[in-house]
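Please read the following walk through a structure alongside the sequence and the 3D view.

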Amino acid sequence: MPAFYDAKLFTINFSELPPGGESANLLRNGSINNIYQSDQCAGFVSVIDAIPTDGMNPLWREVQVVFKSTSNCQQFKSDDEVLAAAAAGIVTLVPTSELYRCSVIGKP
């Protein structure tokens with residue numbers, strides 16, 4: 001699937017860890033990356049916060065980007081934009097318990 005990182009579009013491949021693996025890693029692993037997704041906004045392309053040359057860990061926690069209204073949906077292209085929107089109150093970030101093993105396999 002496509003995902004943005006610092007305004008560049010990449011292709012990522014991921015699979016969800018089983019529930020026991022998710023909870024154990026979330027408790028013990030302090031270097032999990034974030035993948036920002038918005039289920040409420042049709043066509044929202046995920047945003048990742050690292051790539052292999054930028055300290056990427058292959059484990060990714062899904063963080064839902066929740067807009068105040070679907071009429072406010074917008075596409076972010078970097079984690080900095082996501083975090084700035086959260087700081088400005090445009091969105092709320094909701095970490096989930098879903099954890100994925102993800103690889104960045106190149107540009108689409």
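In this predicted model, the protein has two helices and six strands. Followed along the sequence, these elements come in the order β-β-α-β-β-β-α-β. The radius of gyration is 13 Å, close to the 13 Å that the globule rule gives for 108 residues, so the protein is as compact as a globular protein of that length. Along the principal axes, the C-alpha atoms fill a box of roughly 35 × 30 × 20 Å. Contacts also reach across the sequence: among those between residues at least 6 apart, 75% join residues at least 24 apart.

Next, the interior. Of the 108 residues, 39% count as buried. The largest nonpolar core has 13 residues, and those with the most contacts inside it are Tyr36, Val47, Val65, Phe67, Phe76, Val82 and Val91. Strand β5 gives the most, with three residues.

Beyond its neighbours within four places in sequence, Phe76 is in contact with Phe4, Phe44, Val47, Val65, Phe67, Glu81, Val82, Ala85 and Val91. There is also a second, separate core of 11 residues, which includes Ile12, Ile48, Ala50 and Ile51.

Conventions: Residues are numbered from 1 along each chain as its sequence is written. This is a predicted model: local features need pLDDT of at least 70, side-chain atom pairs count only at pLDDT 80 or more; totals for chains, interfaces and linings use all residues. Side-chain values use heavy atoms; hydrogens and water are left out. A nonpolar core is a set of buried Ala, Val, Leu, Ile, Met, Phe, Trp, Tyr and Cys residues joined through side-chain atoms within 4.5 Å. Buried means under 20% relative accessible area, exposed over 50%, partly exposed in between (1.4 Å probe, protein chains only). Helices (H or I, at least four residues) and strands (E, at least two) are DSSP runs, numbered from the N terminus. Contact means heavy atoms within 4.5 Å. The radius of gyration is taken over C-alpha atoms; the globule rule is 2.2 Å times the number of residues to the power 0.38.
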